[in-house]
Amino acid sequence: MTSSKVDIHPEWLEVLQDQFEADYFKKLKLFLVGEKKQFTIYPPGPQIFSAFNETPFSKTKLVIIGQDPYHGAGQANGMCFSVTDGIKPPPSLKNIFKEINGDLGLPIPTSGDLTPWAQQGVLLINATLTVRASKAGSHQKKGWEEFTDTVIKRLSEKRENLIFLLWGNFAIAKSKLIDQKKHHILTSVHPSPLSAHRGFWGCKHFSKANELLISMKKEPINWEIK
């Protein structure tokens, strides 16, 4: 995974070229090589940068920030909260769908693959892009956070009028990386079953985001997953 071989959209490669060549990223690559020799890593290598490939830099309209990929077999597909089609939606994703149903009246889908959102300009990034199978948080503090923090800062610096949906304290802490004079931030508790009842349900972030997009004369997101 050298900078010339990173499977990432050319627009993102240009924006992040210096990161792929940075010392911390070289150390991260060595760590991942070692992990792959001993363990199963999720998501599969070609999907590590799925969020960036489905949502090019110039097409990004809205950003959702997660923390860690799913660590169960076949779940993670490189986009936060999203799971591979055919995999049962995990609890937090079920609660996201429940809120969309309450907010917009859309039916609750059976597929948890959020690629249709990504293809409309919703960047679905986790702070950490890989994880060891069955071991949550195992790749935290290895360099991914520095990379994804830079992603957020570059979006903030180089784009205008993006919408950031920050759910839970971890994501809300990322607001310090965002120029709030240029961008829109909507915050809520996390959609986890532990907290969704404390304000995620009823936050209406999906209709509010679309209202903001329409006010900026941008195409609203079709949040329906079929």
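Which residue in E3 is the bridge partner of Ile65? I looked this up in the predicted model and found that the partner is Ile125.

**Entry 1: strands E2 and E3.** I noted that E2, residues 62-66, and E3, residues 122-126, run parallel and are joined by five bridges. I then checked burial along E3 and found five of its five residues buried. Sorting them by face, I recorded Val122, Leu124 and Asn126 on one side, with Leu123 and Ile125 on the other. Both faces of the strand are therefore covered, given that a residue counts as buried under 20% relative accessible area.

**Entry 2: Thr148.** I located Thr148 in helix H6, which comprises residues 144-158. Setting aside neighbours within four places in sequence, I listed its contacts as Asn126, Ala127 and Leu129. Leu129 lies 19 residues from Thr148 in sequence, and their C-alpha atoms are 8.5 Å apart. I also followed the side chain of Thr148 to the backbone oxygen of Glu145, at 3.4 Å.

**Entry 3: helix H4.** I compared the length of H4, residues 91-104, with expectation: at 1.5 Å a residue its 14 residues should span 20 Å, and because the end C-alpha atoms are 20 Å apart, the two agree. I recorded as buried Ser92, Leu93, Asn95, Ile96, Phe97, Glu99, Ile100 and Asp103. The buried residues of H4 pack against helix H5 (115-118), strand E5 (163-167) and helix H8 (205-215). Finally, I noted that Gly105 follows H4 and has a positive phi, near 75°.

Key. Residues numbered from 1 in each chain as written. Predicted model: local features only at pLDDT ≥ 70, side-chain atom pairs only at ≥ 80, totals over all residues. Heavy atoms only, no water. Buried < 20%, exposed > 50% of the residue type's maximum accessible area, 1.4 Å probe, protein only. Helix = DSSP H or I, 4+ residues; strand = E, 2+ residues; numbered from the N terminus. Pairing = 2+ DSSP bridges. Expected span 1.5 Å × (residues − 1). Contact = heavy atoms within 4.5 Å. Polar contact = N/O pair within 3.5 Å; in protein donor to acceptor, adjacent residues only side chain to side chain.
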